[in-house]
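Hi there,

Here is the structure I promised to pass on. Have a look at it first, and then read my notes below.

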Amino acid sequence: MKNCAFFSFVACFLFLPLFTRAQTAAGNTAVMLPNGWRLSPVGKSLPLGDLPLNIAVSPDRKMLAVTNNGVGSQTVQLIDAVSHIQLDAVTVGKSWLGLAFSDDSKNLYVSGGNDNFILRFDIKNKRLLAKDT
């Protein structure tokens with residue numbers, strides 16, 4: 001009887017990894033971590049740049065702006081909030097956390113990093129046009 005209970009206990013641990021792999025393989029969106037665990041995202045994800053630090057939603061709720069501040073080129077992305085498609089991306093010399101739309105959703109203001117200035121972009125035809133600093 002003890003051998004049967006032990007065999008059942010061991011069998012559960014042998015077949016448990018196969019069960020979890022089968023579940024995540026169906027969605028094919030799981031990410032394998034170095035420790036062997038898998039993470040599968042919930043909801044939708046958007047392709048963003050290197051180290052996205054801030055996201056701003058326009059007052060009219062039609063656009064999103066994301067500032068990417070990693071070791072690669074620093075960019076500001078303009079994304080359609082409904083279709084989740086990137087509308088435009090602009091490379092900036094330096095930026096940081098500061099990011100805001102104007103009240104009428106026609107301008108975007110971006111921090112100039114530690115250089116103590118603000119970049120202003122006009123938004124026309126779903127494109128970011130550098131206006132001034």
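Where is the place of Ser 102? Ser 102 sits in the loop between β7 (99–101) and β8 (107–111). Before I go on, a quick word on how to read all this. The model is predicted, so local features need pLDDT of at least 70 and side-chain atom pairs count only at pLDDT 80 or more, while totals for chains, interfaces and linings use all residues. Residues are numbered from 1 along each chain as its sequence is written, and side-chain values use heavy atoms, with hydrogens and water left out.

Back to Ser 102, then. With a relative accessible area of 10%, Ser 102 is buried (buried means under 20% relative accessible area, exposed over 50%, and partly exposed in between, with a 1.4 Å probe and protein chains only). Not counting residues up to four places away in sequence, Ser 102 touches Pro 59, Asn 107 and Tyr 109; a contact here means heavy atoms within 4.5 Å.

Now the whole chain. It has one helix and 10 strands (DSSP runs numbered from the N terminus: helices are H or I with at least four residues, strands are E with at least two). Along the sequence, the pattern is α-β-β-β-β-β-β-β-β-β-β. Of the 133 residues in the chain, 27% are buried. The chain exposes about 9,400 Å², and carbon and sulfur atoms supply 61% of that (areas come from the Shrake-Rupley method with a 1.4 Å probe; for residues, only the protein chains shown count as cover).

What about the inside? The largest nonpolar core has 15 residues, and Phe 101, Leu 108, Phe 121 and Leu 128 have the most contacts inside it. β4 (63–68), β5 (75–80), β7, β8 and β9 each supply at least two residues of this core, and β9 gives the most, with three residues. Such a core is a set of buried Ala, Val, Leu, Ile, Met, Phe, Trp, Tyr and Cys residues joined through side-chain atoms within 4.5 Å. Leaving out residues up to four places away in sequence, Phe 121 touches, among others, Val 90, Val 92, Leu 108 and Leu 128.

One last stop: is Phe 117 buried, partly exposed or exposed? Phe 117 counts as partly exposed because its relative accessibility is 31%. You'll find Phe 117 in the loop between β8 and β9 (118–124). Phe 117 and Thr 133 are 16 residues apart in sequence, yet 6.4 Å apart in space, C-alpha to C-alpha. Beyond its neighbours within four places in sequence, Phe 117 is in contact with Val 110, Ser 111, Gly 112 and Thr 133.

Cheers
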